[in-house]
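Please examine the structure shown below together with its sequence.

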Amino acid sequence: MTPERWQKIQSLFGPAVKLDGPNLAQFLDRECAGDADLRCEIESLIEADRKRVVPGGRGKETGMMQRCNEGHMFDAAKHASCPYCGIPGLNIARTEPVRLPPVPKERATQPDPALSFNRAADTLPTQPMSIVDDGPTQGYFKAKMGIEPVVGWLVCVKGPDQGRDFRIRSNRNFIGRDQKMDICLAGDKQISRENHAIVTYDPRNNNFRISPGGSHGIVYLNGQPVDVPMTLKAHDLIELGVTALRFVPFCGDSFTWA
């Protein structure tokens, strides 16, 4: 529809919408003579205008219905321009999905050099990390002196090992019947094989303690059961099973290896 055509429709719609019945028919016969399309356009605008009703049903509204250049009908009293065409000049286009170009077949199986990994490497079985064993854990004095010096003794005064002495070294000394114990009392069958009791020398504080191990057997210090770590003093008596051990310190107030 040309602008000239639309201007003619508007000029005829204004007076025509105010007429009714025979008066409207005579007006259209006169103004649209020989132009059936023009008459149809005006009649459709009049029909659309008269269908609009004021809220509450209080009669017809006489607003101006207009048709834009694209043929859309809209209420000129509510809209400055056709709401269906949008605002001219903004160039708002439809949202389109991004379409990536297909990957060539010869590149589909090749790893991307820009990536730090590739699928082929990810499918390889994981190899366990090799751990280098740098030897047994060193005690407090061995790290400084190269040896574990004696810090005291336990002398057996009763039991199958009577008369024997057992060296005490720094940190914890485990007592039991097993050969791998630090203090092995293999002849006393009432002593647990492992960790019946623990004698500890603390090199930082330069003192000794006796502690119960993981055994069901009871350890006595000077006749009292050892339920928690207790301080050892020179010539204290330790009893476990049928064995009695006399404590003889070497490190103490008058000497220390530190």
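The dialogue below concerns a predicted model and takes up confidence, sheet, cores, a histidine and salt bridges in turn.

Student: What is the average pLDDT of the protein?
Tutor: The model is predicted, and pLDDT expresses the predictor's confidence in each residue. Of the residues, 69% score at least 70. The average pLDDT for the protein is 80.

Student: Which strands are the edge strands of the six-stranded open sheet?
Tutor: The sheet is antiparallel and runs in the order β4-β3-β13-β12-β9-β10. An edge strand pairs on one side only. The edge strands are therefore β4 (165-168) and β10 (224-225).

Student: Which residue is the bridge partner of L240 in β13?
Tutor: Strand β12 covers residues 237-240 and strand β13 covers residues 243-249. The two strands pair in the antiparallel sense over four bridges. In β13, the partner of L240 is T243.

Student: Which element gives the most to the largest nonpolar core?
Tutor: This core has 24 residues, and L154, I175, V199, I210, L232, I238 and L245 have the most contacts inside it. The elements that give two or more residues to the core are β3 (152-158), β4, β7, β8 (207-212), β12 and β13. With three residues, the element that gives the most is β7.

Student: How many residues make up the other core, which lies apart from the largest one?
Tutor: V17, F27, L28 and I46 are among the residues of this other core. The core is made up of 14 residues.

Student: Is H196 buried or exposed?
Tutor: H196 is found in the loop between β6 (183-184) and β7 (197-202). Beyond four places in sequence, H196 touches I175, Q190, I191, P212, G213, S215, G217, I218, V219 and L240. Its relative accessible area is 2%, and the cut-off for burial is under 20%. H196 is therefore buried.

Student: How far does the backbone nitrogen of S192 lie from a polar atom of the side chain of H196?
Tutor: A polar contact requires N or O atoms within 3.5 Å. The backbone nitrogen of S192 meets that cut-off with the side chain of H196, at a distance of 3.0 Å.

Student: Which helices hold R39 and D29, the two partners of a salt bridge?
Tutor: The closest N and O atoms of R39 and D29 are 2.2 Å apart. R39 is partly exposed at 23% relative accessible area, and D29 is partly exposed at 43%. The pair ties together parts that are 10 residues apart in sequence, because R39 lies in helix α3 (residues 36-51) and D29 in helix α2 (residues 21-31).

Student: Which residue is linked with D29 and R39 in a network of salt bridges?
Tutor: A search of the whole structure finds five salt bridges. The bridge between R39 and D29 is one that belongs to a network. The residue linked with D29 and R39 is E43.

Student: What is the relative accessible area of D161, which meets R164 in a salt bridge?
Tutor: The side chains of D161 and R164 meet at 3.3 Å, N to O. R164 counts as partly exposed at 44% relative accessibility. D161, by contrast, is buried, with a relative accessible area of 9%.

Note on methods
Residues are numbered from 1 along each chain as its sequence is written. Side-chain values use heavy atoms; hydrogens and water are left out. Buried means under 20% relative accessible area, exposed over 50%, partly exposed in between (1.4 Å probe, protein chains only). A polar contact is a pair of N or O atoms within 3.5 Å; within protein, one must be able to donate a hydrogen and the other to accept it, and residues adjacent in sequence count only if both atoms are side-chain atoms. Contact means heavy atoms within 4.5 Å. Two strands pair if DSSP finds at least two bridges between them. A nonpolar core is a set of buried Ala, Val, Leu, Ile, Met, Phe, Trp, Tyr and Cys residues joined through side-chain atoms within 4.5 Å. pLDDT is the predictor's confidence in each residue, from 0 to 100. A salt bridge is a side-chain nitrogen of Lys or Arg within 4 Å of a carboxyl oxygen of Asp or Glu.
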